[in-house]
Each structure stands twice: as structure tokens, then as C-alpha cells.
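Reader: Could you walk me through this one? I'd like to hear what stands behind each label.

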Amino acid sequence: MDTTYIFLQQYWWFLVSLLGALLVFLMFVQGGQTLIYTLGKTEDERTLIINCLGHKWEFTFTTLVTFGGAFFASFPLFYSTSFGGAYWVWMAILLFFVLQAVSYEFRSKVNNLLGKKTYEWFLILNGLFGTVLVGTAVGTFFTGSLFSVDQAKIANIGGNMTISQWEGPAYGLEAVLNPINVALGLAVFFLARILGTLYIMNSIDNDKILARSKKQLLYNTIPFLVCFLFFVVCIFLKEGFAVNEAGVVYKEAYKYLFNFLQMPAVAAIFLLGVVGVLWGIGLSLFSKTVYTKGIWFAGAGTVFTVLALLLNAGWNNTAYYPSLYGDLQSSLTIYNSSSSKFTLTAMSIVSLFIPFVLAYIVYMWRLINKKKMVLNDIQTESHIY
Amino acid sequence: MHDNLFLSSVVEWSRLQFALTAIFHWLFVPLTLGLSFMIAIMETIYVKTGNEFWKKTVKFWMTVFGINFAVGVATGLILEFEFGTNWSNYSWFVGDIFGAPLAIEGILAFFMESTFIAVMFFGWNKVGRKTHLTASWLTAFGANLSALWILVANGWMQNPVGMEFNPDTARNEMNSFWEVLFNPTAINKFFHTITSGYVLAAIVVIGISAWFILKGREKLFANKSILVASVFGLLSSAVLIFTGDSSAHNVAHTQPMKLAAMEGLYKGSEGAGFSMFGIPTPGKKYGDGKDEYVFNLEFPKLLSFLGYRNFNAFVPGIDDLIKGGFKKEDGSTAISAEEKIRRGRAAIEAYQEYNKAKKEGNDVVAADAKARLEKNFKYYGYGYFNDPSSIIPNVPLCYYSFRIMVWLGFLFVFIFVISLWVVLKRDGNFGKWILYLSIWSVPLVYIASQAGWIVAEMGRQPWTIQDLLPTVAAVSRIDASSVMITFFLFFILFTILLVAELRILFAQIRKGPKISNESV
């Protein structure tokens with residue numbers, strides 16, 4: 001057993017999970033986009049909200065791109081299997097993100113062909129489907145998908161040469177038939193809206209928008225808690241997908257619950273995360289004085305919660321991408337789907353730059369967000385979305 | 001489903017979809033590569049002189065930059081994921097090497113770009129002048145750094161190095177990061193591509209400025225912009241031409257079939273001439289005995305020199321590469337395509353035997369099969385073909401694209417020289433014909449830039465990874481109809497976005513930087 005290699009696989013699963021967790025946090029941009037008409041009643045208010053969110057859209061987008069790249073580099077067989085198989089899910093996600101990228105820049109420009117309203121609706125569609133679909137896709141990490149993997153096929157000249165292929169006609173869209181996946185999708189959607197309101201409360205100085213945000217915060221917290229609890233209870237109670245030392249994948253009762261019990265540190269991160277999210281929401285809703293910094297508790301809580309859930313899916317001898325087609329042995333684990341030891345080592349050296357990257361992002365973020373935005377800003381700023 | 005029929009249509013649609021995304025991506029990216037640097041240069045002048053004129057100039061070009069940037073980012077996301085969605089076997093076969101540059105691109109370059117672009121656009125009133133200037137430079141470096149990593153990945157597809165095939169995992173695994181990074185193909189490609197972006201951006205700046213002069217508006221702004229752009233473009237052109245030359249040299253050694261297709265050369269010869277202008281015979285096929293060209297004006301011996309640094313070197317044509325038998329530069333005799341197919345087939349069969357023996361636990365047979373696989377692996381991809389002529393790319397497309405790129409390239413050098421001369425020596429009094437030529441060069445520079453990629457990527461066909469994995473063995477197992485639908489969805493969406501972006505851009509240009517000439 002090559003312990004260095006195993007360590008590297010665990011380390012890269014941690015990094016990919018961390019990127020996934022940061023992505024869900026940064027989806028406050030998407031969540032906020034679905035609320036532009038609810039929180040902004042006048043044209044100027046909407047412009048203010050869109051500009052406030054727009055200062056951050058590129059971070060979410062870049063994190064998505066980097067998440068894809070890092071997954072490709074560290075677990076290329078997932079890239080090949082999931083993207084090449086669950087074709088329609090990923091294509092739908094991509095389409096809804098393309099809509100976002102242009103909408104900010106084009107929205108308020110003269111001669112923009114489709115008109116302001118269309119670009120605003122693009123932002124809403126991105127916020128709705130982007131979050132729901134990403135959440136639903138991640139749900140399959142716990143519930144499994146219909147695919148098969150056979151390396152020998154690449155030598156099948158003149159026949160079917162594709163190593164990993166989807167075994168259902170819907171190319172991944174069948175994931176929406178599983179209530180657990182959908183529950184996670186909706187949980188991500190409502191969480192993104194919660195984070196969106198919290199971010200707007202923290203970044204915009206406007207009483208009307210603040211009051212509406214508070215109301216929306218409450219309205220979205222309730223369905224979020226229902227969906228999230230449903231998802232967590234379901235995965236704790238269901239059979240999970242385990243892998244033994246010989247690499248054989250098998251079903252194990254209460255696997256995901258046991259994973260938390262067997263990895264108390266990860267469980268602690270999970271609990272800390274959930275408490276952080278609730279604390280952030282609670283302070284913002286019930287504080288006697290006006291409290292607008294809830295995003296930081298809820299944001300950090302989101303990162304912790306998602307990180308712990310993804311670690312739960314991949315660590316502790318768990319198959320993170322289970323195959324439900326035929327036998328379980330096509331399932332992907334962090335051991336059978338990772339890059340070679342050499343590549344993981346090289347990439348690990350590159351990963352030493354990550355703290356430096358995070359540092360300049362945080363520094364620049366603070367510089368830009370030093371002062372809350374006010375309605376007047378949209379008149380004085382030189383670059384307006 | 002009949003496999004051959006399935007493959008031909010899904011491969012074609014997948015290629016078409018990838019080409020569509022790449023072409024659209026490349027309509028937006030090259031401008032941002034070069035314009036970001038020109039903006040940083042202009043802002044440096046602003047910070048040094050404190051002259052508000054330069055700040056307004058910077059802001060105008062930043063608007064142009066911002067409009068382009070968004071669509072470049074959007075199409076880039078799709079490109080990245082399409083390696084997985086449409087080329088599943090490819091991602092499996094080379095993911096161990098190919099994924100790394102994409103990840104590094106994200107971690108090191110994209111975050112730099114997206115963090116500092118936010119400061120660049122929204123930081124004018126929030127950060128100090130010097131911090132803002134640093135952000136502008138870092139945005140430019142970030143954009144170009146991302147180009148480095150994706151071009152390292154692309155260079156590796158043209159000339160795979162630094163790896164070894166592992167039959168246990170059915171994939172190529174990296175064994176030298178530095179070989180992948182410093183792959184001569186990648187390095188040439190990087191410098192050639194970014195400087196092509198700089199030239200494109202310089203032509204766009206000159207073209208737009210020329211329009212202002214023609215309209216009698218913003219003369220000072222236009223002249224100063226032309227000054228920066230023509231110097232920047234001229235310096236970039238020098239590197240562009242130099243790396244173009246070394247690319248030809250490189251292609252001659254790593255992808256001789258691409259070189260032959262670029263030249264429309266079927267019958268090779270010693271002291272081969274370079275076709276300056278010509279018409280390759282339409283519909284010519286391998287072995288049909290027709291002449292290569294309907295008309296051809298060639299520069300004697302130049303092709304031999306470009307490819308091999310020797311005016312009398314033998315340059316193999318398409319016929320020679322298929323039939324083999326010619327003496328190569330290192331003195332060995334080239335083998336035929338048929339022999340390559342035979343060896344490729346031997347490699348694939350050895351891989352099958354290895355798998356079988358491993359399953360049965362027969363280590364002796366497995367070791368023997370592995371040895372045969374390694375011996376023939378160089379030709380692995382050829383094993384997927386039956387017909388030797390399958391390895392010929394689309395000759396007329398490569399031939400014409402190459403010439404369009406090169407000749408337009410020289411036109412742009414001419415524009416830089418004459419613009420610089422007029423600004424410096426004739427006080428910016430441009431003749432009308434120069435202004436019109438500059439404006440018309442804007443669409444031409446995009447055509448030249450796309451043509452370059454057509455040579456690079458169509459010339460590599462039928463391979464995704466040169467000699468190792470043809471497109472037919474790289475594709476995902478999905479319905480051709482699914483790919484067809486996404487193709488049209490993307491086509492419609494991208495077209496709408498392009499039209500919207502052009503309308504916005506033209507409106508912004510018409511608005512102009514609004515600098516009164518007296519303010520300086």
C-alpha cells in the first residue's frame with residue numbers, strides 16, 4: 001500500500017471539496033439574482049442590487065471553472081464519466097451560466113439588442129436553474145447514477161470504444177426523479193437566496209431594500225430548512241456505497257451516518273457549519289439593533305457544511321460516484337478515479353500557491369467592499385452594469 | 001445501433017460543436033490579451049504624467065475590453081467542460097496530463113484576472129492610483145498567464161511528450177512536468193498565439209482610431225492611441241514572425257503531414273519551394289494522379305529552409321508520408337502509413353492480451369504483451385484506421401488558411417509601420433486611404449487569427465492527440481441527436497450574443513471617449 005499516494009488522493013478530495021464548498025457560498029450571487037424584482041421595486045433599486053452582486057459574479061464563475069479544472073486534474077475519470085455521460089445535466093448548467101456572464105455587462109448598455117428586461121430574466125434563470133441543477137447533480141454523489149465503466153473497450157476497434165458511458169436515455173436528467181437529489185437542489189437554491197439577501201443587507205445601505213431583504217430571509221429560511229433536513233435525514237438513513245481495501249464496492253447500511261461518527265472532526269465541521277448558517281440567519285432576523293453582518297457567519301457556515309458533506313461522500317472508504325447500473329464495480333472512488341501519483345504530486349506543489357491566491361482575493365475584496373453602496377453610487381460610478 | 005454509422009455522425013457533430021465554441025471563444029479572447037496590456041501601458045503614462053487625457057483614454061479602451069471579456073469568459077467555460085462532455089474517452093486517455101494545465105490555469109491565472117479586473121473597473125474611487133495601476137497590469141498578466149496554460153495543453157495534443165502509457169489504467173500518465181511545460185511546440189504556440197492577440201488588438205485600436213480621424217473627432221485621442229498601438233503591434237509582430245518561423249520548423253519535425261497539407265504538397269522533393277500563391281487542384285485525392293496545383297507561384301527552396309534550416313533538405317509530401325521509403329533527417333528510412341497501421345494494431349492487440357492475461361493472473365504473458373505494447377505504442381492511434389489515406393487532413397482548407405494568415409500578417413506589419421511614420425513624422429495627417437485600409441483591417445485581422453487556428457487544428461486531423469488517439473476513438477457515447485441539439489442551441493445563443501456585443505460595441509465607439517482637444 002502506497003501511503004503517500006493515498007494521502008495525496010485524500011488531500012485532493014479535500015481541495016476539490018473545498019472548491020465545491022466555496023462555489024456554493026459564492027452562489028449568493030445567483031441567489032441574489034433571483035430576488036432582483038422582489039427586493040428592488042424601482043429601476044434604480046434594481047440597478048443598485050444588480051451592481052452590488054455584479055461586483056462579485058466573476059468570483060463565482062471563476063470558482064466554477066477552477067472546480068472543473070481541479071476535478072479534471074485530480075480525478076480525471078470522474079470528468080470522463082460524469083461529463084461525458086450526464087451530458088444534458090452539465091450542458092444545461094453551462095447554458096444557464098453563459099446567460100449570466102453576458103447579462104451583467106450588457107444589461108444597461110445602449111443598443112443591447114434584447115433589452116434590459118431580457119438580461120434581468122437571464123440573471124433570474126441563471127439563479128434558479130444554476131443552483132438547482134448543481135445541487136441535484138451533487139445529490140447523485142449520494143444516490144448514484146446509471147453508468148458503466150470498462151477500460152478494455154478502448155481497444156474494441158470498429159465497435160463501441162467508449163470506456164465509460166451512460167446507461168439511460170435521459171443522459172443524466174433522470175437525476176430529477178430522485179427526491180433526495182431534488183431536495184439537495186432546492187436546498188442549494190434556497191440557501192443561495194438566503195446568502196443573497198444577507199450579502200445585500202451587508203453591502204447596500206438602503207432602508208427599503210433592507211426591510212424587504214429581512215422579509216425574504218425569513219421566507220427562504222423555512223423551505224431551506226425543510227429541504228436540507230429532508231436531504232440529511234434521507235442520506236443518514238439510506239444505504240451508502242462503501243469500498244474495501246481490495247477496491248471492491250459494496251452497499252452498507254447507514255454508511256453516511258457512520259462516516260460522520262467515524263470521522264468526528266468532519267462531523268464537527270458539519271455541525272459547526274450548520275450552527276454558523278443558523279446563527280447568521282438568526283442574528284440578522286432577531287437582533288434588536290440592525291444587524292447586517294450575518295453573511296459572514298452564514299457564509300463560513302455554508303463553506304463548512306458543504307465541505308463536510310463532500311468529505312463524507314469521498315473519504316472513509318466511500319464511493320463518491322456510485323454506479324447503479326448492473327454491478328457496483330463501475331463506481332468511482334477517490335482511489336480508482338484519481339490521477340497518477342506523479343500528477344497529484346506535481347499538482348500538490350502548485351496547490352501551495354492557493355493560500356497566496358486566497359490572500360489577495362480577500363485583500364482586494366475588502367478594498368472594494370469598504371463602503372456600503374448607496375443609490376447615489378449608480379450615478380457616480382464610471383462602470384455600471 | 002450500427003457502430004460505424006453512430007461514430008461517424010457523433011464524431012462529426014462533436015467536432016462541429018467544439019469548433020463552433022472555439023471559434024466564438026477566439027473572437028473575444030485575442031482582443032483582451034493585447035488590449036489589456038495596451039490599457040496598462042496607457043495607464044502607466046497617466047500615472048507618470050498625471051494628465052487626465054490619458055485617464056479618459058484608458059477608460060474608453062477599458063469599456064471595449066469589458067464588453068469583450070464577458071463573452072470570452074462564457075465561451076471559455078463551455079470549452080473547458082466540452083473536453084469531458086463530448087470527448088469522454090479523450091479525458092480518460094490523457095486526463096492525467098491534460099487536466100493539470102487546466103487546473104493550474106484556474107488556480108493561478110483566472111483568479112488573478114477576475115480579482116484584479118474587479119479592481120480595474122470598480123476601484124477608480126476606492127483604491128489609490130498606484131494600486132489601480134498594479135491591478136491593471138495584473139489583469140493583463142492574468143489573462144496572458146491563462147493563455148500559457150491552455151496553450152501548453154494544446155501544444156501537448158500536437159506533440160505529446162513527458163508521459164508513459166499505463167495499461168493498468170488505460171491512460172497516459174505524466175512522468176515529467178517540465179517536459180510538458182517546456183515542450184517546444186507549446187512554447188512556440190504560446191508566444192505565437194499571444195503575440196497574434198497583441199497584433200489583433202493593435203489593429204483594432206488603430207482601426208477604431210482611424211474611424212475617429214475620418215469623422216473628424218477626437219483627433220488627439222486617436223493619434224495617441226495609434227502611437228501606442230503601432231509600437232506595440234510592431235514589437236509584437238517581430239515575435240510573431242519569429243515564432244511563426246520556429247513553428248514551421250517544429251511542425252516539419254513533429255507533424256510532417258500537417259506541413260504537407262499546409263503546402264498542398266503531394267510529391268516531396270529536395271530543395272522544395274514555398275508556394276507563395278497557388279490554387280491546389282480542387283477535388284484532388286491521394287493517388288489519383290492529378291497535378292497538385294492548377295496554378296502555383298513558388299519561392300524556390302524556401303520550404304526546405306523553413307522546415308529543416310537547409311535549402312536542399314528533402315520535404316516529404318503527402319504521397320511520401322503514406323508510402324514511406326524516403327530518408328529522414330536523422331538518416332533513418334521512413335516507414336509507410338500501412339506499416340504504422342500494422343504496428344498500431346499490434347499495440348492495441350497487445351493491450352487486449354495484457355488485459356486478458358492480467359485477469360487470468362498470467363504474469364509471464366502479461367509482461368510479454370506489455371513489452372510489445374511499449375514497442376509499438378508510438379503508432380498506437382494508427383491501429384484504429386484501415387485505410388492509409390485516412391490520416392490526410394483537409395488539404396485545401398489548410399493550404400488557403402495558412403496563406404490567408406501569413407499574407408494578412410504582412411499587411412498588418414505594413415499598417416503598423418506606416419501609421420507610426422504618419423504619427424511621428426507627419427503630425428498625424430493620415431491619407432484617407434490609410435484610414436480606410438486600417439478600418440478594413442479590423443475584420444481582416446479576425447479572419448487571419450481564425451485562419452491560424454484552422455491551420456493548427458484542422459492540420460492535426462484526424463488526431464486529437466497526434467499519432468495516439470484519433471477523434472473516432474476519443475468521442476463520448478452519446479446520441480448524435482443530443483449533440484446536434486446542443487450545437488444548434490449554442491449556435492443560436494452565440495450568434496445572438498455576438499450581434500448584441502457588436503451593437504453595444506459600435507454604440508460605445510460612436511459615443512467616443514469624449515475628450516475635448518483643448519483639455520491637454
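Author: Let's start with confidence: pLDDT is the predictor's confidence in each residue, from 0 to 100. Chain B averages 94 on that scale, and 98% of the residues score at least 70. This is a predicted model, where local features need pLDDT of at least 70, side-chain atom pairs count only at pLDDT 80 or more, and totals for chains, interfaces and linings use all residues. Residues are numbered from 1 along each chain as its sequence is written, while chains are lettered from A and ligands numbered from 1 in the order in which they are written.

Reader: And what does the predictor give the complex?

Author: An ipTM of 0.93 and a pTM of 0.95.

Reader: How do you know which residues B:Met38 touches?

Author: Two residues are in contact if their C-beta atoms, placed from the backbone, lie within 7 Å. Leaving out residues up to four places away in sequence, B:Met38 meets that cut-off with B:Trp61, B:Ala201, B:Val205, B:Val228, B:Ala229 and B:Phe232.

Reader: What do chain A and chain B bring to the contact?

Author: Chain A puts in 69 residues and chain B 68 residues.

Reader: What makes the domains of chain B?

Author: The bounds come from an automatic or database domain assignment, so chain B has domain 1 (3–254 + 400–509), domain 2 (261–323) and domain 3 (337–388). The C-alpha centres of domain 2 of chain B and domain 3 of chain B are 34 Å apart.
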